[in-house]
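I wrote each entry as I went.

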Amino acid sequence: MLKKCLVLLCICAGMLFFSTCKKDRPIGDFRIALTFDDGPDPVYTIRILDILKQKNVKATFFVTGYHARLFPSIIRRMHDEGHLIGNHTFTHLYLPGATTAEMLSEVQRTQNIINRYSGAASSYLFRPPYGYISDEQKHLLKNLGYRVVKWDVDPLDYDLARSTPDAIADRVLLLRGNNKMVLMHSADYSDLQSRENTVLALPRIIDELRNKYNYSFITVDQIP
Ligand SMILES: [Zn+2]
C-alpha cells in the first residue's frame, strides 16, 4: 500500500514539475530583435551579415559614425539586405561626461552617414554607448525625432574572459517573453578586441530561438 502511495506521489510531483516548466516556455509566435553594436568592421560584421543572410534573419545594427565612415560599403550592404541601422554616436561617446553640444554633434554626424546609405528608410533610432544617458539628454534627442532604446538581455559577449560561444548563447536562451531586444556586438568600438565568440555563438542562438522556443526575428522599429 505504502509503495503504491509513493509511486502515485512521484507521478503527481512529475506532472506538477512539467506543467511548471511548460508555463516558463514561450508558447506561440514570440518576437525577438537581435541587435549588434559598435560596428561595422571588415572582419566580424561581415561574418555576422553572412550568417544572418544564410539564416534569413533581419537584425538591427547600432553603428558608430567613425566606423561607418571607414566602411560605408558595409553600411550599404546592411541596408540592401534589409537590416535596420541605428545611431551609436560617432566615437562611442560616454554621454554622462559629454556636453550637449558634443552629444548633438556626434549624433548628427553619425546620422548624416546613416541617412546617406538608407535614405528615406532611416530609422532615427539611438542607443547610448554603455547604456548611459540622462533624462535631459534623452528628452533632447526625443524632441529631435530619435527613439532611444537600450536592451532586455546582455549576454556579455564583450567580456572575453567569461564568455565562450556557448556561454553567450546560454545567456540569450534564458530569455522569456515577447518583443525583447538582445544586445550583442558586431565589432569592438576600439578595434582592440575580438568578436569571434559572438560570431561563433550566433548560429546556435538563431537556430534554438527559432526552432526550440518558437521565436521569429524582427527589427527594433517593430517593437511597440
Ligand atoms: Zn557600444
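Which residue lies over the face of F90? I looked, and R109 is there, at 3.8 Å from the ring centre. I note here that the model is predicted.

**Entry: aromatic pairs**

I looked up the aromatic pairs next and found six in the structure. One of them joins F36 and F61, and I noted this pair as stacked, with 5.3 Å from centre to centre and 25° between the planes. I then checked where the two rings sit in the chain. F36 belongs to strand β1 (residues 30-37) and F61 to strand β2 (residues 60-63), so the pair ties together parts that are 25 residues apart in sequence. I also looked up accessibility, and both F36 and F61 are buried.

I turned to Y94 and Y132. Their ring centres are 5.9 Å apart and the planes stand at 85°, so I wrote this pair down as edge-to-face. This pair also links distant parts of the chain, 38 residues apart. Y94 is in the loop between β3 (84-87) and α5 (100-118), while Y132 is in the loop between β4 (125-126) and α6 (135-143).

**Entry: Y130 and other backbone points**

I stayed with Y130, which lies in the loop between β4 and α6. Y130 has a relative accessible area of 38%, which makes it partly exposed. Its phi is near 65°, a positive value in a residue other than glycine. I wrote down for reference that most residues other than glycine have a negative phi, and that most peptide bonds are trans.

I found another positive phi at N179, near 55°, again in a residue other than glycine. N179 lies in the loop between α7 and β6.

I also checked a peptide bond. The bond from G39 to P40 is cis, with omega near 0°. P40 is in the loop between β1 and α2.

**Entry: the zinc ion**

Which residues coordinate the zinc ion? I found D38 (OD), H88 (NE2) and H92 (NE2), at 2.0 to 2.1 Å. Along the chain these donors follow the spacing D-x49-H-x3-H.

**Entry: helix α8**

I checked the length of helix α8 (residues 196-211). At 1.5 Å a residue, its 16 residues should span 22 Å, and the end C-alpha atoms are 24 Å apart, which agrees. The helix has a kink of about 30° at L202, shortly before the proline P203.

Which residues of α8 are buried? I listed T198, V199, A201, L202, I205, I206 and L209. To read this list I kept in mind that an α-helix has 3.6 residues a turn, so residues three or four places apart point the same way. What covers the buried residues of α8? The cover includes β1, α2 (44-54), α7 (165-173), β6 (180-185) and β7 (215-217).

Terms used
Residues are numbered from 1 along each chain as its sequence is written. This is a predicted model: local features need pLDDT of at least 70, side-chain atom pairs count only at pLDDT 80 or more; totals for chains, interfaces and linings use all residues. Side-chain values use heavy atoms; hydrogens and water are left out. Rings of Phe, Tyr and Trp (its six-membered ring) pair if their centres lie within 6.5 Å; planes under 30 degrees apart count as stacked, over 60 as edge-to-face and the rest as tilted. Helices (H or I, at least four residues) and strands (E, at least two) are DSSP runs, numbered from the N terminus. Buried means under 20% relative accessible area, exposed over 50%, partly exposed in between (1.4 Å probe, protein chains only). A charge sits over a ring if NZ of Lys or CZ of Arg is within 6 Å of the ring centre and within 35 degrees of the ring normal. Donors are N, O and S atoms within 2.8 Å of the metal (3.2 Å for Na, K and Ca); water is not among the atoms, so sites may look incomplete. The expected span of a helix is 1.5 Å times one less than its number of residues. The bend at a residue is the angle between axes fitted to the seven residues ending there and the seven starting there. Contact means heavy atoms within 4.5 Å.
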